[in-house]
Amino acid sequence: QVQLVESGGGLVQPGGSLRLSCAASGFTFSSTAMSWYRQAPGKGRELVATIPSTGGSTNYADSVKGRFTCSRDNAKNTVYLQMNSLKPEDTGVYYCYARVRISIGYYNYWGQGTQVTVSS
C-alpha cells in the first residue's frame, strides 16, 4: 500500500534551519510529482512546494521562495524540504503529498505530518 512517512521536524529558533524528509513506498515514486503542504494552527492547509517527477523546475509558495528548497532522490524514494531562514510564521505541521496513479485512476495520499515550531 502507499505510504508517505515524514521526519525531521522540531523546534528551531528564528533564522535557523531544518531539513524535512518524506520516505515514499507502494507506488512508482520516480514517475510521481511530490508536494509539501503545511498547516498552521487555526488555518487551512497551504501548498508549500511541488517538485516534478524528474526533479526539474520546482514551484514554491511566494512566502517561502528563496528560503526553502525542495529536492528528491528517486533512488531512495525520498523527497526533501530544506528550510532556511525560518520565521515564526513557518510554524505548523508539514505534510508530504502525492497524487498517485493506480490503474486507470488517480488517488490522493498524505503523510502523517511532522511538526515544525519556530520560536525563540
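# Reading strands, burial and contacts

An open sheet of four strands runs in the order β1-β3-β8-β7, with antiparallel pairing. The model is predicted.

User: What holds the strands of a sheet together?

Analyst: Strands of a sheet pair through backbone hydrogen bonds, and the pairing is either parallel or antiparallel. Here is a case from this structure. Strand β3 (residues 18-25) pairs with strand β8 (residues 78-83) in the antiparallel sense, over six bridges. You can look for one spot in that pairing: Ser21 stands opposite Tyr80 in β8.

User: Which strands stand at the edges of this sheet, and why is one side of each left without a neighbour?

Analyst: The edge strands are β1 (3-7) and β7 (68-73); each has a single partner strand, so one side of each has no neighbour in the sheet. On average, neighbouring strands of this sheet are turned by 15° against each other, with direction ignored.

User: Let's move on to single residues. Does Ser35 count as buried or exposed, and where does Ser35 lie?

Analyst: A residue counts as buried when its relative accessible area is under 20%. Ser35 has 7% relative accessibility, so Ser35 is buried. You will find Ser35 in strand β4 (residues 34-39).

User: Which residues is Ser35 in contact with?

Analyst: If we set aside neighbours within four places in sequence, Ser35 is in contact with Leu47, Ala49, Thr50, Tyr95, Cys96 and Tyr97.

User: Does Thr58 count as buried or exposed, and where is the place of Thr58?

Analyst: Thr58 sits in the loop between β5 (45-51) and β6 (59-60). Its relative accessibility is 16%, so Thr58 counts as buried. Not counting residues up to four places away in sequence, Thr58 touches Ala49, Thr50, Ile51, Pro52 and Cys70.

User: Now for Val12. How far apart are Val12 and Ser30 in sequence and in space?

Analyst: Val12 and Ser30 are 18 residues apart in sequence, and their C-alpha atoms are 32 Å apart in space. Val12 itself belongs to strand β2 (residues 10-12). With 12% relative accessibility, Val12 counts as buried.

User: Which residues does Val12 touch?

Analyst: Leaving out residues up to four places away in sequence, Val12 touches Ser17, Leu18, Leu86, Thr117, Val118 and Ser119.

Definitions and conventions: Residues numbered from 1 in each chain as written. Predicted model: local features only at pLDDT ≥ 70, side-chain atom pairs only at ≥ 80, totals over all residues. Heavy atoms only, no water. Helix = DSSP H or I, 4+ residues; strand = E, 2+ residues; numbered from the N terminus. Buried < 20%, exposed > 50% of the residue type's maximum accessible area, 1.4 Å probe, protein only. Contact = heavy atoms within 4.5 Å. Pairing = 2+ DSSP bridges. Axes fitted to C-alpha atoms, helices over the stretch in contact; angles between N-to-C directions.
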